[in-house]
Amino acid sequence: MMLKIRKSQQAAQYLQLLQTSLKALGRLMVVLLETETTSGFFQNIVHRSMTSGNMWERKRALQTCSQLLAVCEERGRGDACKHFGSLVGLLVPLMCDPMPTSRQLAVTCLSSLLQIQAKATNRVIQTGDIGSLCEGLNDRSTVCQLQTSSKIARIVCRSFSLEHTIDFMMAIKDTFRKAKGMRVRAAGKWMITFLQMHGKDICRDLDLSPIIYILRSCMSSLQHSTNMPFLCQAVAILTRCHTDITIDSFFHRR
């Protein structure tokens, strides 16, 4: 009985220490953002750790990112939207991370990012009830996690500005190169959802060559066979939207 009480007390102390540390981190972010832009933080602190092969490093990066985005949202720092595409691409695979806490933090970060974008663009973004979908990410079933991630993808992609396409695709490429398992599958499904929803607009409004180059480079440096179906489907979607440009860009180096 005494052992159970002691363990309960230790757990409470750990939780209190964690909350204190996160508050301190938030205050530190406020100070740093007074003197620096968000660019260096996202690139040096968040980006590298989010793609780490160590799940504890990824969790710490998500904690840092959540605090940073919360401060940006509170202080009206719309410059965080400059990283919208790359951040979404980095957060996508972490919704299927092995650690439940990381999955929840990824959704928290995504929700904050959407709110920042809405304020910066003076638009009402229809995010749906992303919060209620978090329960699906808590499920032990990886199939359920992946299905929930795909539902969130359809909500988020409706609010996606095409100017962030290349950054998003580059972040997905990073995941294909470094991640494994369910994180790769989540990234692949988000990429396909995005291209299905915006493929025609991309072919009409953007230069398709950089996107084809990203897909082609993913194929040439393929490390996991699970990536290939997503890459083939992505090329097929773009080919249906604009056959001549896609084929020309894919088979002719520029």
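Trainee: In this predicted model, why is helix 8 called roughly antiparallel to helix 9?

Mentor: Helix 8 and helix 9 pack at an angle of about 155 degrees, with their axes 10 Å apart. Angles over 145 degrees count as roughly antiparallel, and therefore helix 8 is described as roughly antiparallel to helix 9. The crossing of this pair is left-handed.

Trainee: Which residues make the contact between helix 8 and helix 9?

Mentor: From helix 8 come T165, F168, M169, I172, T175 and F176, and from helix 9 come R183, V184, A187, G188, W190, M191, F194 and I202. Sorted by class, the residues of this contact are 10 nonpolar, 3 polar and 1 charged.

Trainee: What makes helix 9 roughly parallel to helix 11?

Mentor: The axes of helix 9 and helix 11, the latter spanning residues 227-241, come within 9 Å and cross at roughly 5 degrees. Since angles under 35 degrees count as roughly parallel, helix 9 is therefore roughly parallel to helix 11. Among the residues in this contact are L195 and K200 of helix 9, together with F230 and L238 of helix 11. By class, the contact of helix 9 with helix 11 has 11 nonpolar, 5 polar and 3 charged residues.

Trainee: Which residues meet where helix 4 contacts helix 9?

Mentor: V88, V92, P93 and L94 in helix 4 meet R183, A186, A187 and W190 in helix 9, and this contact divides into 7 nonpolar, no polar and 1 charged residue.

Trainee: How do you know which helix supplies the largest share of the lining of the largest cavity?

Mentor: The largest cavity, with a volume of about 60 Å³, is lined by M50, T51, L90, P93, D174, T175, K178, A179 and R183. Helix 4 and helix 8, which covers 165-178, each supply at least two residues of that lining, and the largest share, 3 residues, comes from helix 8. By class, the lining has 4 nonpolar, 2 polar and 3 charged residues.

Notes: Residues are numbered from 1 along each chain as its sequence is written. This is a predicted model: local features need pLDDT of at least 70, side-chain atom pairs count only at pLDDT 80 or more; totals for chains, interfaces and linings use all residues. Side-chain values use heavy atoms; hydrogens and water are left out. Contact means heavy atoms within 4.5 Å. Helices (H or I, at least four residues) and strands (E, at least two) are DSSP runs, numbered from the N terminus. Ala, Val, Leu, Ile, Met, Phe, Trp, Tyr, Cys and Pro count as nonpolar, Asp, Glu, Lys and Arg as charged, and the others, Gly among them, as polar. On a 1 Å grid over the protein atoms alone, a cavity is a set of points where a 1.4 Å probe fits but cannot get out, and a pocket is an open set with protein on both sides within 12 Å along at least five of seven lines; lining residues have an atom within 4 Å of a point. Grid points are joined across faces, edges and corners, and a volume is the space filled by probe spheres set on the points. Axes are lines fitted to C-alpha atoms, for helices over the stretch in contact, and angles run from 0 to 180 degrees between N-to-C directions. Angles under 35 degrees count as roughly parallel, over 145 as roughly antiparallel, 65 to 115 as roughly perpendicular and the rest as oblique. A crossing is left-handed if the near helix is turned anticlockwise from the far one by less than a right angle, and right-handed if clockwise.
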